[in-house]
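Q: I would like a close look at one part of this model, with its surroundings described in plain terms.
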Amino acid sequence: MNEFDLVKKPPSVSFVEAAGTIGDAVKAYTALHYLGRMCSGDTILILDGASPSGSLALQLASLGGVRAITTASSQEELSHLQGMQPQPWKIIDISEKSSALRQTCLEETSGLGVDLIVDFGPSHAINPKAPDSIDRKIPSRNDIISCLAVGGRWVTSQIDLTLDATCSRLLYLKCASIGFLNEQSWVLCPTQASRYQHILMDIMDKLADRNLRPNIHHTVSLDAVPEALKGLNSLKVGKVVVNI
């Protein structure tokens, strides 16, 4: 393992907190600061803000001085987002009506649209066909692009993203762009090692200062993992950490 892929854990941060934060925080940090070029004063939309990556992205956005709008697909997610400190600028409940996304984003920006949209991709269940699998409302691509301002950026983790002619033309008219988020790409390029190390160190510093707080649902022992996987599909908010 390369020395630049490691970071020292501060004494005030537990191993469970570090393990439950580092992967999702790198993903959120890359989306906001590198691909999204987030600036103070921006208005951004973070889809699925109650997810582990979404929750940390909202906290990073707050530290960056931007107005963060996010979405919730269930009452549990809505309650979690409403209990966050500081709260997101606006929470859009799309559990019943996904079309509310475009209307609300335009209302909150006086019709201009948001500067950045971060989409961490669909939540992949262990078994999507299971009876207790989470049914998330996913906004259409046209709705997402319609929320963008002129010159806006859409950062997505959807590896199979395809756009029809209408969506492509809308992006062109807005002079908007799409960036694909793959946080693992940092370790594929040795010339980016110093940037990756900076991200890891900054995340740990923020975690030690309690500026970042992971939402850990519970921990399980290594022996209990097979049993824990059976109920993972029904977990809507929070993260499960394996304690070895």
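This is a predicted model: local features need pLDDT of at least 70, side-chain atom pairs count only at pLDDT 80 or more; totals for chains, interfaces and linings use all residues.
Where does R210 lie?

A: R210 lies in the loop between helix 7 and strand 7, which spans residues 216-221. Its phi is near 65 degrees, a positive value in a residue other than glycine. R210 has a relative accessible area of 37%, so it is partly exposed.

A second residue of this kind is C175, whose phi is positive at about 55 degrees although C175 is not a glycine. C175 sits in the loop between helix 6 (165-174) and strand 6. With a relative accessible area of 60%, C175 is exposed.

Helix 7 (193-208) is one of the elements against which the buried residues of helix 2 pack. The others are helix 1 (15-35), strand 1 (43-46), strand 2 (67-72) and helix 3 (75-82). Helix 2 covers residues 52-63, 12 residues in all. From its first C-alpha to its last it reaches 17 Å, close to the 16 Å expected at 1.5 Å a residue. Because 9 of its 12 residues are buried, helix 2 is largely enclosed by the rest of the structure. The buried residues are S53, G54, S55, L56, A57, L58, Q59, L60 and A61. Just after helix 2, G65 takes a positive phi of about 75 degrees.

Next come the aromatic rings. The structure holds 3 aromatic pairs. Y29 and Y34 form a tilted pair, with 6.5 Å from centre to centre and 35 degrees between the planes. Y29 counts as buried because its relative accessibility is 6%, whereas Y34, at 28%, counts as partly exposed. Y34 also pairs with W186, this time edge-to-face, at 5.0 Å centre to centre and 75 degrees between the planes. That pair links distant parts of the chain: Y34 is in helix 1, W186 is in the loop between strand 6 (177-180) and helix 7, and the two are 152 residues apart. W186 has a relative accessible area of 9%, so it is buried. Y29, Y34, W186 and Y196 form one aromatic cluster.

Some loop positions elsewhere complete the picture. T109 is placed in the loop between helix 4 (100-108) and strand 4 (114-119). The relative accessible area of T109 is 6%, so T109 is buried. Leaving aside its neighbours within four places in sequence, T109 is in contact with T43, R67 and V114.

K236 belongs to the loop between helix 8 (225-230) and strand 8. It is partly exposed, with a relative accessible area of 33%. The C-alpha atoms of K236 and I138 are separated by 15 Å, and these residues are 98 apart along the chain.

On the surface, L222, V242 and I244 form a nonpolar patch, with about 340 Å² of accessible area together. Of these, I244 lies in the segment after strand 8 (239-243). I244 has a relative accessible area of 85%, so it counts as exposed.

Key
Residues are numbered from 1 along each chain as its sequence is written. Side-chain values use heavy atoms; hydrogens and water are left out. Helices (H or I, at least four residues) and strands (E, at least two) are DSSP runs, numbered from the N terminus. The expected span of a helix is 1.5 Å times one less than its number of residues. Buried means under 20% relative accessible area, exposed over 50%, partly exposed in between (1.4 Å probe, protein chains only). Contact means heavy atoms within 4.5 Å. Patches are made of residues with over 30% relative accessible area and no salt bridge: like charges are joined within 9 Å, nonpolar side chains (Val, Leu, Ile, Met, Phe, Trp, Tyr) within 5 Å. Accessible areas come from the Shrake-Rupley method with a 1.4 Å probe; for residues, only the protein chains shown count as cover. A salt bridge is a side-chain nitrogen of Lys or Arg within 4 Å of a carboxyl oxygen of Asp or Glu. Rings of Phe, Tyr and Trp (its six-membered ring) pair if their centres lie within 6.5 Å; planes under 30 degrees apart count as stacked, over 60 as edge-to-face and the rest as tilted.
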